[in-house]
Amino acid sequence: MRIPAHAVCTAIRDDIVSGVFEPGGRLTEEVLARRYGVSRVPVREALRTLESEGFVTTRRHAGACVAEPTEQEAADLLELRMLLEPLAAARAARRRTDAHLKVLRGLVRLGQERARRGQGEDLRSLGGWFHETLAQSSGSPGLIALLTQMRHKIAWMYVVEAPARPVDSWAEHGAIVDAVARGDAERARALTAVHADRAAGAHRLRLRAAVSTSQPAVNMSGGRH
């Protein structure tokens, strides 16, 4: 079975974000092909895509390596997200579908319930789904792609501290959805800007320890997402 390049790309990106491959580490086609159980062709295509996304860089005499973002690049990324998420919310207020709204309200309901019960282990993933759905609701493919890429890169560069008062954070989510439901683009933009600014303060640059250069094989045909 031929594994498509986009699946290999996702696997390599996930391993970069999770720290399996450390910044500056070499990414040789042969080693990656063996790790994921694929030929070198999809690996080569995946590395080109990851280079365009900023996860990989090509060095003279070394080939493909994991990129080494600077602190300034990491700070710029947070600032860009703080500009683009309010834009996505404003567009969502104009373009969201009933299906988007149903999912957003369901996520807010779950998040508020988990926050009240102190079930913090679920809140991070629920928050990620909320912001992903809000971006999807914007109806702007280019904006959705940018925000998706930013989420991956921010997860790679930062550790995010849990909010001191998760109930308040989910109340902000609920207010954003109310504005989106009413079609109030300016209020959705303003609420999301405040929320994004507050969330940015919880980000701490990730300290990455060196990892072993010997990595176990990954079976790409075994249901990896």
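In which helix does A90 lie? A90 lies in helix α4, and the residue is buried there, with a relative accessible area of 0% (buried means under 20% relative accessible area, exposed over 50% and partly exposed in between, with a 1.4 Å probe and protein chains only). The structure is a predicted model, in which local features need pLDDT of at least 70 and side-chain atom pairs count only at pLDDT 80 or more, whereas totals for chains, interfaces and linings use all residues. Residues are numbered from 1 along each chain as its sequence is written, and side-chain values use heavy atoms, with hydrogens and water left out.

The protein contains nine helices and four strands, where helices (H or I, at least four residues) and strands (E, at least two) are DSSP runs numbered from the N terminus. Along the sequence, these elements follow the pattern α-α-α-β-β-α-α-α-α-β-α-α-β. A compact globule of 225 residues would have a radius of gyration near 17 Å, and the 19 Å of the protein agrees with this; the radius is taken over C-alpha atoms, and the globule rule is 2.2 Å times the number of residues to the power 0.38. Taken along the principal axes, the C-alpha atoms fill a box of roughly 55 × 35 × 35 Å. Of the 225 residues, 41% are buried. Among contacts (heavy atoms within 4.5 Å) between residues at least 6 apart in sequence, 76% join residues at least 24 apart.

A90 and A188 are 98 residues apart in sequence, yet their C-alpha atoms are 5.5 Å apart in space. When neighbours within four places in sequence are left aside, A90 is in contact with A185, A188 and R189. A92 is likewise found in helix α4, which spans residues 71-95, and is buried, with a relative accessible area of 0%. From C-alpha to C-alpha, A92 and V180 are 6.3 Å apart, although 88 residues separate them in sequence. Not counting residues up to four places away in sequence, A92 touches L134, S137, S138 and V180.

Helix α6 takes part in two of the helix pairings described here. For these pairings, axes are lines fitted to C-alpha atoms, for helices over the stretch in contact, and angles run from 0 to 180 degrees between N-to-C directions. Angles under 35 degrees count as roughly parallel, over 145 as roughly antiparallel, 65 to 115 as roughly perpendicular and the rest as oblique. Helix α6 (residues 123-136) packs with helix α8 (residues 166-182) at an angle of about 20°, with the axes 12 Å apart, and the two helices are therefore roughly parallel. The crossing of α6 past α8 is left-handed; a crossing is left-handed if the near helix is turned anticlockwise from the far one by less than a right angle, and right-handed if clockwise. In this contact, L123, L126, G127, F130, H131 and L134 of α6 meet P166, W170, H173, I176, V177 and V180 of α8. These residues comprise nine nonpolar, three polar and no charged, where Ala, Val, Leu, Ile, Met, Phe, Trp, Tyr, Cys and Pro count as nonpolar, Asp, Glu, Lys and Arg as charged, and the others, Gly among them, as polar.

Helix α6 also packs with helix α7 (residues 141-157), at an angle of about 160° and with the axes 9 Å apart, so that α6 and α7 are roughly antiparallel to each other. Here α6 passes α7 in a right-handed crossing. The contact brings H131, E132, A135 and Q136 of α6 together with I144, L147 and R151 of α7, a set that divides into three nonpolar, two polar and two charged residues.

Helix α7 is in turn joined by helix α1 (residues 5-17), the two axes coming within 8 Å and crossing at roughly 35°. R13, I16 and V17 of α1 and H152, A155 and W156 of α7 make this contact, with four nonpolar residues, one polar and one charged. I12, which also lies in helix α1, is buried, with a relative accessible area of 0%. Leaving aside neighbours within four places in sequence, I12 is in contact with L32, Y36, A46, L47 and L50.

The loop between β1 (56-59) and β2 (63-66) holds H61. Although H61 is not a glycine, it has a positive phi of about 70°. With a relative accessible area of 78%, H61 is exposed.
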